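Thanks for asking me to look through this model with you. Here are my notes, point by point, to read alongside the structure.

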Amino acid sequence: MIKTDICIIGSGPSGVSTSIMLSKMNISHYIIDKANFPRDKTCGDGLILYAYKAMLELDKDLFHSFLKNPKFIHSKKIQLFINNNLNINFQESKDREMVISYAKRYDFDDFLVQNLSEKYANKEFGNGVKNLTEQKDGILIKLKNNKEILAKVVVGADGAKSIVSRKLAGNKINKKLSSTFISAYFNDVIHLLKDNNAEIRIIYKKIPLYFYIFPLADGSANVTLGGRADLILKHNINLVEEIESIIANHSKVSHKFKKAKKNGSWRGWSIPYNFGSNKVCGNRFLLVGDAAGLTNAFYKEGVGTGMMSGIICAKKLVQCLEKNIFSEKYLSSYQKDLEKEFSKLLKFSRLMSKLANHRYLFSRIVYLFKNQVERKSFNIIKRRSY
Ligand SMILES: Cc1cc2nc3c(=O)[nH]c(=O)nc-3n(C[C@H](O)[C@H](O)[C@H](O)COP(=O)(O)OP(=O)(O)OC[C@H]3O[C@@H](n4cnc5c(N)ncnc54)[C@H](O)[C@@H]3O)c2cc1C
């Protein structure tokens with residue numbers, strides 16, 4: 001049996017950020033993933049705000065190599081369309097480079113994994129966690145190949161359907177606090193917005209559906225649709241039928257897809273934003289990223305918030321190791337650290353997401369505050385960005 005102080009389960013952006021931050025503080029640990037890298041992950045492939053902030057805090061060189069990497073492209077503007085006639089722009093000031101970047105997760109997650117420390121990060125990839133049990137002296141982690149790891153403390157970075165969240169925290173998936181999205185890659189989409197601007201539409205069907213077109217470095221586009229999970233179930237909405245109908249018939253969209261070819265199949269996954277209702281720490285465990293329900297309910301940022309939570313988590317872990325205390329009571333301040341960083345933004349986003357359910361009220365609010373929001377947006381962006 002392997003014994004370690006810290007074991008991170010999941011090597012997506014949240015787990016890798018935890019690992020890189022621990023390595024920066026010279027702390028040895030294990031990091032496990034059921035996949036081998038590069039691996040794909042269903043996503044819109046957009047990186048904003050916290051993704052930049054986290055990369056900079058992890059390592060300036062990492063951030064600069066991200067900017068220089070030809071697989072990743074950047075844009076200064078996000079255009080949000082509500083109905084067909086209302087448009088609000090979130091953009092950078094003239095002197096700053098980008099407000100959004102596009103990176104296929106196949107490439108981005110591998111880029112991050114390549115930055116794991118050779119010295120401090122012991123990697124166990126291609127081998128998933130089968131079970132976790134609390135013992136007197138740690139958490140016993142059983143892998144699918146029957147290997148066992150005993151860790152003083154475990155970090156659950158294993159995504160929306162986290163086994164750590166289920167087994168150690170006893171959390172359940174709350175459909176009211178999660179979205180369901182599908183996405184696919186398309187070649188030959190034409191008339192994309194200029195300068196790689198992001199196109200996001202709130203399209204009102206039985207419920208508001210969020211439709212994204214993000215351009216990618218290889219000339220293809222990531223096309224995504226989704227909405228609140230419980231409403232999708234309640235109204236029996238078939239997301240594949242809905243997105244195919246938008247692509248074929250929507251007056252502002254269909255012309256872009258006249259010659260387009262789908263590359264692969266539609267893939268779906270959930271986006272949890274249950275932070276505040278679920279446990280994020282307890283005896284000998286901490287959760288980060290999707291496992292902690294940290295995505296943004298309105299604009300669905302989950303990569304950046306996950307990375308930032310990994311950094312916050314690593315700082316907490318250092319204190320635990322110094323004191324050799326891993327109790328729920330001692331770890332509970334982690335929840336407060338996360339609240340300090342995210343609460344304001346996540347609460348605001350939940351409010352926006354609720355308002356967006358009311359088509360006319362939301363349009364009226366956006367119409368009234370559009371100029372103010374557009375004028376102030378880069379200040380808000382700057383505070384939570386690079
Ligand atoms: C369709 C869609 C579009 C999205 N678009 C965007 C977007 O444009 N921008 C954005 O910021 N966010 C977006 N998100 C959200 C984003 O994908 C997640 O928030 C982000 O991936 C969270 O990162 P993570 O590291 O916490 O989890 P993940 O990226 O899910 O990583 C978890 C890792 O844990 C591993 N794992 C899982 N179970 C086990 C196990 N039992 N044992 C070992 N390893 C395990 C997995 O293999 C994986 O590598 C989107 C999500 C969806 C579904």
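Where is the place of Asn324?

1. Asn324 sits in the loop between α8 and α9 (328–331). Please keep in mind throughout that this is a predicted model. Asn324 is not a glycine, yet its phi is positive, near 55 degrees. Asn324 counts as exposed because it has 8 C-beta neighbours inside 10 Å, and 12 or fewer is the cut-off.

2. Asn146 is another residue to look at: its phi is positive, about 75 degrees, although it is not a glycine. You will find Asn146 in the loop between β10 (138–143) and β11 (148–156). Asn146 is exposed, with 8 other C-beta atoms within 10 Å.

3. While you are checking the backbone, have a look at the peptide bond between Phe37 and Pro38, which is cis with omega about 5 degrees. Pro38 belongs to the loop between β2 and β3 (46–48).

4. On to the ligand, which is surrounded by 37 residues; Gly12, Gly44, Gly159, Gly289 and Gly302 are the closest. Two or more residues of this shell come from each of α1 (13–24), β2 (29–33), β12 (178–187), β16 (261–272) and α8 (303–323). By class, the shell has 17 polar, 12 nonpolar and 8 charged residues.

5. Helix α8 also packs with α2 (residues 50–58), at an angle of about 35 degrees and with the axes 7 Å apart. The crossing of α2 and α8 is left-handed. From α2, the contact uses Tyr50, Ala51, Lys53, Ala54, Glu57 and Leu58, while α8 brings Val303, Gly304, Thr305, Met307, Met308 and Ile311. The contact of α2 with α8 consists of 8 nonpolar, 2 polar and 2 charged residues.

6. Now the sheet: 7 strands make an open sheet with mixed pairing, in the order β6-β5-β13-β14-β15-β12-β16. β6 (86–91) and β16 are the edge strands, each pairing on one side only. On average, neighbouring strands of this sheet are turned by 20 degrees against each other, direction ignored.

7. Within that sheet, which strand does β14 (residues 208–215) pair with over 6 bridges? The partner is β15 (residues 221–228), and the pairing is antiparallel. Phe214, for example, has Asn222 of β15 as its bridge partner.

8. Finally, two helices to view against the strands. Helix α7 (residues 239–249) lies across β12, β13 (198–204), β14, β15 and β16, and runs at about 130 degrees to β15. Helix α11 (residues 359–383) packs on the sheet too, touching β5 (77–82), β6 and β13, with its direction at about 30 degrees to that of β6.

Definitions and conventions
Residues numbered from 1 in each chain as written. Predicted model: local features only at pLDDT ≥ 70, side-chain atom pairs only at ≥ 80, totals over all residues. Near = placed C-beta within 6 Å. Helix = DSSP H or I, 4+ residues; strand = E, 2+ residues; numbered from the N terminus. Nonpolar A, V, L, I, M, F, W, Y, C, P; charged D, E, K, R; others polar. Axes fitted to C-alpha atoms, helices over the stretch in contact; angles between N-to-C directions. Left-handed = near helix turned anticlockwise from the far one by under 90°. Contact = placed C-beta atoms within 7 Å. Buried ≥ 20, exposed ≤ 12 C-beta atoms within 10 Å, placed from the backbone. Pairing = 2+ DSSP bridges.
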